[in-house]
Amino acid sequence: MTRNLLLTLLLSLPLLTLADGEKSELGVLQLHEMVRGLEHPWSVAFLPDAQGSLITERPGRLRWLDAQGRLSVPLAGVPEVFAVGQGGLLDVVLSPDCARDRLVYLSYAEAAASGDLAGTAVGRARLSADMRSLQAFQVIFRQQPKLSSGIHFGSRLVFDRRGLLFITLGENNQRATAQDLDKLQGKLVRIQADGRVPADNPFVERAGARAEIWSYGHRNPQGAALNPWTGQLWLHEHGPRGGDEINIPQAGKNYGWPLATHGINYSFLPIPEAEGEQVAGTEAPHHVWEKSPALSGMAFYSAERFPPWQHNLFIGALAGQALIRLQLDGDKVVHEERLLSDRGWRIRDVRQGPDGYLYLLTDEADGKLLRLGLQK
């Protein structure tokens, strides 16, 4: 059976209610399967004017899910990706003025011109009126040098209130590079929407430093979101064995990896470069998990539809196979609850939809887009 025929059959099935009656601390969950048959989906972005959404699949496909729940064939015009290990087509976000300019931004793993290494790249293109293609794709950013053999690409994209674009970059499992300001591994960078460097970036005037860098000392940030109440960017990143953390990155600050960490190596041995959990000259995590849930995706809940969720932060867990709800008091995390933990789903992305529901992507060969709410 061909993949397209299988998708057609799956999509002909009725929408499933998966969690009627499942209780959480804040109410009874309402969970619906919106679409299935996605191959390791990574990110979802909601189009303006109720035109549906765009979903990336890691092997290199971008799909349109229309407002009636029909999934398109892959869009044309998507760049070739390095679909090895954790690499492939990753984040998708829309221009802040997408309703007018129809610009779509993609992050992806890009192979080096020669050899078998790769790095994160970001490009943008105009979505065609018929939703069938991306037009005039242009690369606006490349991680340099290319050092990844297939892991730690980071790759979340977030526009701030000024329309500047933040890009999270993993250290490609080359730990020491996260501290090297002449390299773009283990960094949070900030650029203008067309790829130019903002004049007020913290390292613009420093010789030997990449001007794109906003902050450094990051391991592999796979979740980032703009706090809707403060306008500050929050990100989370994978620790090694233990030490997943949330940070609120400030301009020019060092967030420690690999000098400071709450984790150890997967071999159960210490990180060779680590000097302790807190190291002078580096920023302590805003919040830390001593046992790693393996975080991915992040969404602040600010909608009016489900008042109990307001001022909560939702994060996907891959190894932890759950949706993590963090209750906030200002910026302080005061309580944690794990939802959907009996489903066996690796939750890759979490987004607040324009309808006030939460939307989740599961990282599976037969991945799903799920809609989550509370029964009223």
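What is the order of the strands in the open sheet of four strands, and is the pairing parallel or antiparallel? In this predicted model, local features need pLDDT of at least 70 and side-chain atom pairs count only at pLDDT 80 or more, whereas totals for chains, interfaces and linings use all residues. Residues are numbered from 1 along each chain as its sequence is written, and side-chain values use heavy atoms, with hydrogens and water left out.

The order of the open sheet is 7-8-9-10, and its pairing is antiparallel. Strands are DSSP runs (E, at least two residues) numbered from the N terminus, and two of them pair if DSSP finds at least two bridges between them. Strand 7 (89–94) and strand 10 (134–142) form the edges, each pairing on one side only. From one strand to the next the twist averages 25 degrees, with axes as lines fitted to C-alpha atoms and angles running from 0 to 180 degrees between N-to-C directions. Six bridges link strand 9 (residues 118–127) to strand 10 in the antiparallel sense; R126 has Q135 of strand 10 as its bridge partner.

Most residues other than glycine have a negative phi, and most peptide bonds are trans. A cis peptide bond, with omega about -10 degrees, joins Q144 and P145; P145 lies in the loop between strand 10 and strand 11 (157–159). Another cis peptide bond joins W257 and P258, with omega about 0 degrees.

A50, in the loop between strand 4 (41–46) and strand 5 (53–57), has a positive phi near 55 degrees. A50 is exposed, at 65% relative accessible area (buried is under 20%, exposed over 50%, partly exposed in between; 1.4 Å probe, protein chains only).
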